[in-house]
Amino acid sequence: MVCFLLGQQRGYTIYPCFLCMWDSRAREKHWVQSNWPPRSDLRPGDPNILNQPLVDRKNIIFPPSHIKLSLMKQLVKALSTEGDCFKYIISALPSLWYEKIKAGVFDGPQIRQLIKDEHFTGTMTELERNAWLAFKNIVKDFLGNTRASNYIEIVQQLLNSFNRLGSNMRIKLHFLHRHLTNYQENIGH
């Protein structure tokens, strides 16, 4: 929907970010480089801009639920399909097809069910557990109704754990990564 509103090409494009010229295919730079050249304009003919934007990009806000769903998708896609954690998800959510689990397609109630499941973390490796706990912290202290005072550390912990787990950088992770970098630049870190 964001692409539609901003006149951007949809699908897997090389420059999906509406704020900067983040190269989604430069995987070797994803977790290293966070400050990409800013987009100066959204003019048709620029990289992956097809039409005039319908709204000002300053009015675009990613809803927390979309960020949560995307983070869960990235987390599950980074899991080994042969691992205990992935197999536990299959047994914990029997109504969900294997293909949907493998693709990381979940809804809010399914994510809440896994968050409440006390046995879920026992099936994880240390890297998986760190990423899961960071995800739970983001859901509770950043994407919820209140934002924790240490939300910058919480976002950094999530990014670090997803990186170590081997998760790909996607637009929502890039958005969090960019937000963190901009915040740190503004306070002089």
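Tutor: Buried means under 20% relative accessible area. Keep in mind that this model is predicted. In helix 2, the residues I67, K68, S70, L71, M72, Q74, L75 and V76 are buried.

Student: What makes the span of helix 2 close to the expected one?

Tutor: Helix 2 runs over residues 64-78, which is 15 residues. From first C-alpha to last, helix 2 reaches 21 Å. The expected value, at 1.5 Å a residue, is 21 Å.

Student: How many disulfides does the rule give in total?

Tutor: The count is zero. C3 is in none, as the nearest cysteine sulfur, that of C17, lies 10 Å away.

Student: How do you know which charged side chains form salt bridges?

Tutor: A side-chain nitrogen of Lys or Arg must be within 4 Å of a carboxyl oxygen of Asp or Glu. The structure has three such bridges. D41 pairs with R43 at 3.3 Å, N to O. D46 pairs with R43 at 3.6 Å.

Student: Why is D46 called buried, but D41 and R43 partly exposed?

Tutor: Under 20% is buried, over 50% is exposed, and partly exposed lies in between. D46 has 19%, so D46 is buried. D41 has 32%, so D41 is partly exposed. R43 has 43%, so R43 is partly exposed too.

Student: What is the N to O distance between K140 and D141?

Tutor: The distance is 3.3 Å, and the two side chains meet in a salt bridge. D141 has 18% relative accessibility, so D141 counts as buried. K140 has 58%, so K140 counts as exposed. Elsewhere, salt bridges that share partners join D41, R43 and D46 into one network.

Student: Where is E128, and what does E128 touch?

Tutor: E128 is found in helix 6, residues 126-141. Leaving out residues up to four places away in sequence, E128 touches L79, C85, T123 and L165.

Methods. Residues numbered from 1 in each chain as written. Predicted model: local features only at pLDDT ≥ 70, side-chain atom pairs only at ≥ 80, totals over all residues. Heavy atoms only, no water. Helix = DSSP H or I, 4+ residues; strand = E, 2+ residues; numbered from the N terminus. Contact = heavy atoms within 4.5 Å. Disulfide = S-S within 2.5 Å. Expected span 1.5 Å × (residues − 1). Buried < 20%, exposed > 50% of the residue type's maximum accessible area, 1.4 Å probe, protein only.
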